[in-house]
Amino acid sequence: MKPTCDRSGYSSGPKEYLSDMAACSEARTMAVCTIRNFVDGAEIEFDDRHSSEKIDPASGVVSALVHEADQSVVDAAVAAARRALADGWATTPVRERAALLRRVADRIEARFEEFVAAEVADTGKPVALARELDVARAVANFRTFADVVAAAGQESFLMDLPGGRQALNYAVRKPLGVVAVIVPWNLPLLLLTWKVAAALACGNAVVVKPSEETPSTASLLAEVLTEVGLPRGVYNVVHGFGAGSAGEFLTSHTGIDGVTFTGSSATGSHVMRTVAPRVRPVSFELGGKNAAVVFDDVDLDEALTGLSKAIFTNTGQVCLCTERVYVHRAIFDDVANGLVARAAALRLGEPTDDRTTTGPLISKTHREKVLSYFALAEQSGAKVLTGGGIPRLGEALDDGSWIEPTLWSGIGNDNRVLREEIFGPVAALVPFDTEEQAIELANDTEYGLAASVWTNDLRRGHRVGQAMNVGMSWVNTWFLRDLLSPFGGMGLSGIGREGGASSLHFYTEPTNVCVQL
Ligand code: NAD
Ligand code: 6OD
């Protein structure tokens with residue numbers, strides 16, 4: 001029988017108790033869960049000599065002990081995944097795999113509030129956001145890839161040969177094999193299931209490495225996958241850190257056939273070098289320094305609502321968030337004042353309160369990074385339109401990693417504040433005079449993930465939307481996702497696309513069969 005959550009707290013009680021994550025998250029600031037590696041269909045016995053403390057970002061209190069996978073655990077996970085493929089998962093009929101994915105979606109829905117609680121406990125994000133975005137998308141990810149794989153066909157080519165004969169070419173798609181799935185902390189379940197659903201749909205086995213900051217929902221998903229009858233070894237979870245830990249043990253493993261990675265550009269580059277000697281395919285969804293371009297013909301209120309979402313959602317910790325706002329000079333002050341008012345209306349506070357709109361940053365370490373850009377902006381002579389510091393939210397939250405939503409003007413594209421990804425609830429506003437200048441400013445970056453264009457001129461919307469050198473270009477909206485469309489970035493923002501058919505392409509290898517008729 002599973003041990004239950006230790007509500008007495010880590011500092012006052014023995015360490016081995018806990019493990020019912022739902023119960024733990026109910027008593028968020030009091031409880032400490034143990035979170036274990038999941039290999040070959042079972043949790044690995046907890047060993048607190050190889051564990052790390054997970055801190056609740058809202059309160060600064062230890063909320064979990066996470067078992068760190070060493071090389072032997074990663075070896076076992078990869079071996080289990082290989083066995084699962086050989087035991088028949090790779091050749092399971094597509095219809096059965098699709099039906100299983102639909103059952104996963106149903107079970108996540110049935111345990112919806114457990115996933116919400118685990119995600120809120122790990123990230124400190126507002127419960128309303130976890131419901132609306134993270135967990136709802138996990139359900140949609142499984143349903144979408146069930147549909148995509150069930151409907152997938154193949155190209156075929158009839159080839160004319162000299163002498164009147166013909167040859168028929170068609171491709172059979174096979175799973176890549178064992179896929180390493182490495183994800184970050186900002187949208188843990190959304191990003192994990194975005195990859196796992198597609199990989200499983202295609203008949204792969206996976207070893208996933210969630211962020212050390214957000215281990216819970218990957219483990220909860222293991223429970224759900226077991227409940228719906230996923231064969232053992234198809235889904236494995238190894239917890240831990242990156243370099244010199246589970247992340248690197250996994251990417252350097254000779255038994256993996258591909259890596260799908262979401263995280264920072266610097267880590268992506270490191271992972272690419274690790275994988276290079278064995279020439280494995282990689283799919284990289286990396287950082288962004290996304291621009292919004294606001295023309296003077298906009299419906300101001302609508303644009304402000306959209307921009308405010310683009311800057312502040314998830315405390316700015318979405319790779320797609322806008323950190324550069326180029327505004328036509330004629331409406332610069334209106335946009336600046338409007339965004340300051342929207343920032344003031346955000347409600348920072350207890351993540352479990354339905355009225356909270358904005359949570360803390362993920363950690364104090366990350367807050368130090370964001371604060372270093374606050375300092376740089378001020379040293380560079382930026383005008384702080386709002387924010388710029390650390391809020392005081394009352395005793396229970398004052399040891400959390402809270403930060404004020406912050407807007408600047410008076411700095412330009414040559415400043416590091418506008419060139420480097422900050423990953424916080426921040427944006428710099430810069431005026432422009434012409435459409436050409438706006439396009440040039442928006443494209444003046446090494447990143448190429450996302451952009452948004454705000455205009456009431458239909459032709460301009462298409463024209464400027466297409467001119468953005470990014471993977472996703474939104475017009476009069478932001479982060480509106482069609483899961484069948486390609487998603488990804490260029491430049492420092494990544495390699496490859498996932499979503500719909502693009503995911504099928506990454507998670508399978510085609511064998512072309514050429515038959516002379
Ligand atoms: P990160 O790169 O520090 O870590 C991401 C994951 O990689 C974590 O699980 C981490 O443990 C692991 N890792 C770190 N070093 C590793 C190594 N050497 N080998 C193997 N694994 C390693 O990123 P983060 O701080 O967790 O997340 C924030 C970053 O992710 C931001 O840059 C953000 O833009 C980016 N992101 C991009 C997308 C996208 O779709 N493009 C989505 C979400 C987040
Ligand atoms: O919506 C998605 O599928 C996706 N990968 C979003 C990434 C958000 C970045 O933080």
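**Exercise 1. The surroundings of ligand 2**

How far is an oxygen atom of ligand 2 from an N or O atom in the side chain of Arg137? Determine this distance in the predicted model, and then describe the other polar contacts of ligand 2 given by Asn186 and Cys319.

*Solution.* Begin with the residues around the ligand. Ligand 2 is surrounded by 13 residues, and the closest are Arg137, Asn186, Cys319, Arg481 and Phe487. Next, take the side chain of Arg137: one of its N or O atoms is 2.8 Å from an oxygen atom of ligand 2. For Asn186, a polar side-chain atom lies 2.7 Å from an oxygen atom of the ligand. Cys319 contributes through its backbone, where a polar atom is 2.8 Å from an oxygen atom of ligand 2.

**Exercise 2. The surroundings of ligand 1**

Identify the residues that come nearest to ligand 1, and give the distances from its oxygen atoms to polar side-chain atoms of Lys209, Glu285 and Glu421.

*Solution.* There are 30 residues around ligand 1, of which Lys209, Glu212, Thr267, Leu286 and Glu421 come nearest. Then consider the individual atom pairs. A polar atom in the side chain of Lys209 lies 2.6 Å from an oxygen atom of ligand 1. The corresponding distance for Glu421 is 2.5 Å. For Glu285, a polar side-chain atom lies 3.4 Å from an oxygen atom of the ligand.

**Exercise 3. Helices H4 and H5**

Describe the packing of helix H4 (residues 112–123) against helix H5 (residues 127–151).

*Solution.* Two packed helices are described by the angle between their axes and by the distance between those axes. The axes of H4 and H5 come within 9 Å and cross at roughly 115°. H4 is therefore roughly perpendicular to H5. The handedness of this crossing is right-handed. On the H4 side, the contact is made by Phe112, Glu113, Phe115, Val116, Glu119 and Val120, and on the H5 side by Val127, Ala130, Arg131, Asp134, Val135 and Ala136. Sorted by class, the residues of the contact of H4 with H5 are eight nonpolar, no polar and four charged.

**Exercise 4. Helices H6 and H7**

*Solution.* H6 passes H7 in a right-handed crossing. From H6, Pro188, Leu189, Leu192, Thr193 and Leu200 meet Thr217, Ala218, Leu221 and Leu225 of H7.

**Exercise 5. Helices H10 and H11**

*Solution.* H10 contributes Leu300, Asp301, Leu304, Thr305, Leu307, Ser308, Ile311 and Phe312 to the contact, while H11 contributes Asp334, Val335, Gly338, Leu339, Arg342 and Ala343. The classes in the contact of H10 with H11 are eight nonpolar, three polar and three charged residues.

Technical notes:
Residues are numbered from 1 along each chain as its sequence is written. Chains are lettered from A and ligands numbered from 1 in the order in which they are written. This is a predicted model: local features need pLDDT of at least 70, side-chain atom pairs count only at pLDDT 80 or more; totals for chains, interfaces and linings use all residues. Side-chain values use heavy atoms; hydrogens and water are left out. A crossing is left-handed if the near helix is turned anticlockwise from the far one by less than a right angle, and right-handed if clockwise. Helices (H or I, at least four residues) and strands (E, at least two) are DSSP runs, numbered from the N terminus. Contact means heavy atoms within 4.5 Å. A residue is near a molecule or strand if one of its heavy atoms lies within 4 Å of it. A polar contact is a pair of N or O atoms within 3.5 Å; within protein, one must be able to donate a hydrogen and the other to accept it, and residues adjacent in sequence count only if both atoms are side-chain atoms. Ala, Val, Leu, Ile, Met, Phe, Trp, Tyr, Cys and Pro count as nonpolar, Asp, Glu, Lys and Arg as charged, and the others, Gly among them, as polar. Axes are lines fitted to C-alpha atoms, for helices over the stretch in contact, and angles run from 0 to 180 degrees between N-to-C directions. Angles under 35 degrees count as roughly parallel, over 145 as roughly antiparallel, 65 to 115 as roughly perpendicular and the rest as oblique.
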